[in-house]
Amino acid sequence: MGIIVYELYTGMPPFHAETYYKLLPKILHDKVKFSKDMDVKLRELIEGMLQKVPTNRYDWDQICQHPFLKSTSSI
C-alpha cells in the first residue's frame with residue numbers, strides 16, 4: 001500500500017530496476033528517497049507503511065488514524 005501511495009504522489013515507484021532479480025535487493029535494503037517538497041505527514045505515513053521489518057510497519061488502524069489522512073479527510 002505504501003508503494004501505491006508513493007507512486008500516486010510522485011508518479012514513479014520508489015524502487016527501479018531492469019529485472020526482478022535486481023529489484024528485489026533494492027526493495028529489501030535500499031532507503032526510499034523522498035522529495036523535499038513532500039508534505040511531512042505524507043512522508044511519515046509512507047515511511048510507516050514501507051518499513052523493512054514487517055512488525056514495524058503500520059497496521060490498518062495506524063494507517064486509518066494517521067494525521068495525514070485525518071487532515072485530508074472530507075468525509
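Contact here means heavy atoms within 4.5 Å. In this predicted model, M1 is in contact with M49, W60 and I63 once its neighbours within four places in sequence are left aside. M1 belongs to the segment that precedes α1, a helix spanning residues 2–10. With a relative accessible area of 53%, M1 counts as exposed, because that term applies to values over 50%.

The C-alpha atoms of M1 and L50 are separated by 8.3 Å, although these residues are 49 residues apart along the chain. L50 itself touches G2, I3 and V32, when residues up to four places away in sequence are not counted.

**Helix α3 and its buried face**

Helix α3 covers residues 40–49, and its buried residues are L42, L45, I46, G48 and M49. Viewed down the axis of α3, these buried residues fall within an arc of 160 degrees, so they line one face of the helix. An α-helix has 3.6 residues a turn, so residues three or four places apart point the same way.

The cover over the buried residues of α3 includes α1, α4 (60–64) and α5 (67–72).

**The largest nonpolar core**

The largest nonpolar core is made up of 12 residues, namely Y6, F15, V32, F34, M38, L42, L45, I46, M49, L50, I63 and F68. Helix α3 gives the most to this core, contributing four residues.

Technical notes
Residues are numbered from 1 along each chain as its sequence is written. This is a predicted model: local features need pLDDT of at least 70, side-chain atom pairs count only at pLDDT 80 or more; totals for chains, interfaces and linings use all residues. Side-chain values use heavy atoms; hydrogens and water are left out. Helices (H or I, at least four residues) and strands (E, at least two) are DSSP runs, numbered from the N terminus. Buried means under 20% relative accessible area, exposed over 50%, partly exposed in between (1.4 Å probe, protein chains only). The arc is that of the directions from the helix axis to the C-beta atoms. A nonpolar core is a set of buried Ala, Val, Leu, Ile, Met, Phe, Trp, Tyr and Cys residues joined through side-chain atoms within 4.5 Å.
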